[in-house]
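Reader: I'm new to this one, so could you walk me through it slowly?
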Amino acid sequence: MDDAKPATITVTISNPNGLHLRVGKEMVYIANRFQAQITAENLTRPSPVVDVKSILQIMQLQARTGHTIRISADGPDAHAALDALRDLLAPAGSPA
Amino acid sequence: MIALIIVSHCHDIAEGVCRLAGEMTQTPVPIAGVGGIVDENGQRQIGTDATAVLEAIESCWRPAGVLILVDLGSAILSAETALELLPDEQRERCLISNAPLVEGAVVAALEASLGHSLEDVNRAAEAVRNLDKVLR
């Protein structure tokens, strides 16, 4: 895997409360562990492309249960960053 | 690590905002709430008290700085009075934020927990003002 290339994942929000403040907070702390630039966009409702390292911007996704989020990362540790965010938002064994 | 002071006219708002902001931290951030006044009968009333703000700043003091988030009106005046009562070297590391109280405190607590500077934390908190709550 070439970590130098931009990478993208899509995840569907399964939490019944949607992408709420506490999950947003965890996303920010995870994202800040990585050098990569990490952005997200809500594909289900019109949203800006937001910086995942900012709680304020993540809240702008206004993602409810069932919404699909596209997360992109660009930087030396992009893939590791996306893996960590996927583990948070859509852990293995959870409904897709 | 900076400290946060929450100043509201209402004791319960100050305490509640502290609790909410505290939820956003990963490493403990000093956060103190100052709200309301106590009348001559010992009853809590709506209002702000510069002395209480000063005591909160002193008890939470961090060399990295103290960000003061206020609701409105006399909360700002009380915060200003409290700063005037501080020694110069402490006052220089205190900042009254233009951020709205609730959103600003949530953002500031998280940014402070990341170890960001007083100026950077305030910048992130004040950026709240430019965001719509509802996407239309």
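Reader: How many residues of β1(B) are buried?
Author: In this predicted model, 6 of the 6 residues of β1(B) are buried, so the strand is mostly covered, where buried means under 20% relative accessible area with a 1.4 Å probe and protein chains only. Strands here are DSSP runs of E with at least two residues, helices runs of H or I with at least four, both numbered from the N terminus.
Reader: Which residues are on each side?
Author: Ala3(B), Ile5(B) and Val7(B) lie on one side and Leu4(B), Ile6(B) and Ser8(B) on the other, and both faces are covered.
Reader: Which sheet is it in, and in what order?
Author: The open sheet has 4 strands in the order β2-β1-β5-β6 of chain B, paired in parallel, and two strands pair if DSSP finds at least two bridges between them.
Reader: Why is one side of β2 and β6 left without a neighbour?
Author: β2 (31–35) and β6 (94–96) of chain B stand at the edges with a single partner strand each, so one side of each has no neighbour in the sheet.
Reader: What does Leu4(B) stand opposite in β2(B)?
Author: Leu4(B) faces Ile31(B) there, while its bridge partner in β5(B) is Leu67(B).
Reader: Changing topic, how are residues and chains labelled, and what is counted?
Author: Residues are numbered from 1 along each chain as its sequence is written, and chains are lettered from A and ligands numbered from 1 in the order in which they are written. Local features need pLDDT of at least 70 and side-chain atom pairs 80 or more, totals for chains, interfaces and linings use all residues, and side-chain values use heavy atoms, without hydrogens and water.

Key:
Buried means under 20% relative accessible area, exposed over 50%, partly exposed in between (1.4 Å probe, protein chains only).
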